[in-house]
Amino acid sequence: GVDDDPRSLLRAVCRAKACALAKSSLREAGLQFDLESQKLSLSALAGWPPSQSVKDLAGELNLAGRTLRRRMTAAGLPTPQRLVRYGRLLEAHLLWAMGIRSRERIASILHISGGSALAHLTKDLTGLPTDEFFRTARLEDLVTGILAREAG
């Protein structure tokens, strides 16, 4: 029952780091979410195992997809799909910070179709080219920006 695939181990480390980062960023930014909202957002951004879709995320939380969307909207959170995508972006940045510099390798670890799909994800969510995002983005600012924009 132990998954010793190096890609899975890297993802587990990244997800744990992303979860700790999200918790500390929210606390430092003074964003107040109730426990259910915090659980929903952290599950989407950094839950384990990583969700590949809203359906997967809803299943892990024992909710119907429609119920999950409704609860996140009511809590002032981004859509589940958007949070899952941001979770992948956080992981990509953490992998880069761990020394993996190839976009193709990062995409492979994250089960994204390729470097161009990673570039599209980065551009769509941040407006920055991938290399610039990796060099300049502060993940704390990204996490608080994701949630503060919706909650504020």
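The legends below describe close-up views of a predicted model.

**View 1. Packing of helix α1 against helix α2.**
Helix α1 spans residues 6-29 and helix α2 spans residues 35-46. The two pack at an angle of about 145°, and their axes lie 9 Å apart. The crossing of α1 past α2 is right-handed. On the α1 side, the contact is formed by Arg15, Ala18, Cys19, Ala22 and Lys23. On the α2 side, Gln38, Leu42, Ser43, Ala44, Leu45 and Ala46 take part. Sorted by class, the residues in this contact are 7 nonpolar, 2 polar and 2 charged.

**View 2. Helix α2 and its N-terminal cap.**
α2 is made up of 12 residues. From its first C-alpha to its last, α2 reaches 16 Å, close to the 16 Å expected at 1.5 Å a residue. The N-terminal end of α2 is capped by Asp34. A side-chain oxygen of Asp34 is placed 3.1 Å from the backbone nitrogen of Glu36. The buried residues of the helix are Ser37, Leu40, Ser41, Leu42, Ser43, Ala44, Leu45 and Ala46. Among them, Leu42, Ser43, Ala44, Leu45 and Ala46 also belong to the contact with α1.

Ser51 sits in the loop that links α2 to α3 (54-60). Ser51 has a relative accessible area of 5% and is therefore buried, the cut-off being under 20%. The side chain of Ser51 makes a polar contact of 3.3 Å with the side chain of Glu60. Apart from neighbours within four places in sequence, the residues in contact with Ser51 are Arg15, Asp56, Leu57, Glu60, Val84 and Arg88. One of these, Arg15, is also among the α1 residues that touch α2.

**View 3. Thr144 within helix α9.**
Thr144 is located in helix α9, which covers residues 139-151. Thr144 counts as buried because its relative accessibility is 17%, and the limit for that class is under 20%. A polar atom of the Thr144 side chain lies 3.3 Å from the backbone oxygen of Asp141.

**View 4. Gly99 in the loop between α5 and α6.**
Gly99 is found in the loop between α5 (80-97) and α6 (103-109). With a relative accessible area of 46%, Gly99 is partly exposed. Gly65 is 34 residues away from Gly99 along the chain, and the C-alpha atoms of the two glycines are separated by 36 Å.

Technical notes. Residues numbered from 1 in each chain as written. Predicted model: local features only at pLDDT ≥ 70, side-chain atom pairs only at ≥ 80, totals over all residues. Heavy atoms only, no water. Axes fitted to C-alpha atoms, helices over the stretch in contact; angles between N-to-C directions. Helix = DSSP H or I, 4+ residues; strand = E, 2+ residues; numbered from the N terminus. Left-handed = near helix turned anticlockwise from the far one by under 90°. Contact = heavy atoms within 4.5 Å. Nonpolar A, V, L, I, M, F, W, Y, C, P; charged D, E, K, R; others polar. Buried < 20%, exposed > 50% of the residue type's maximum accessible area, 1.4 Å probe, protein only. Polar contact = N/O pair within 3.5 Å; in protein donor to acceptor, adjacent residues only side chain to side chain. Expected span 1.5 Å × (residues − 1).
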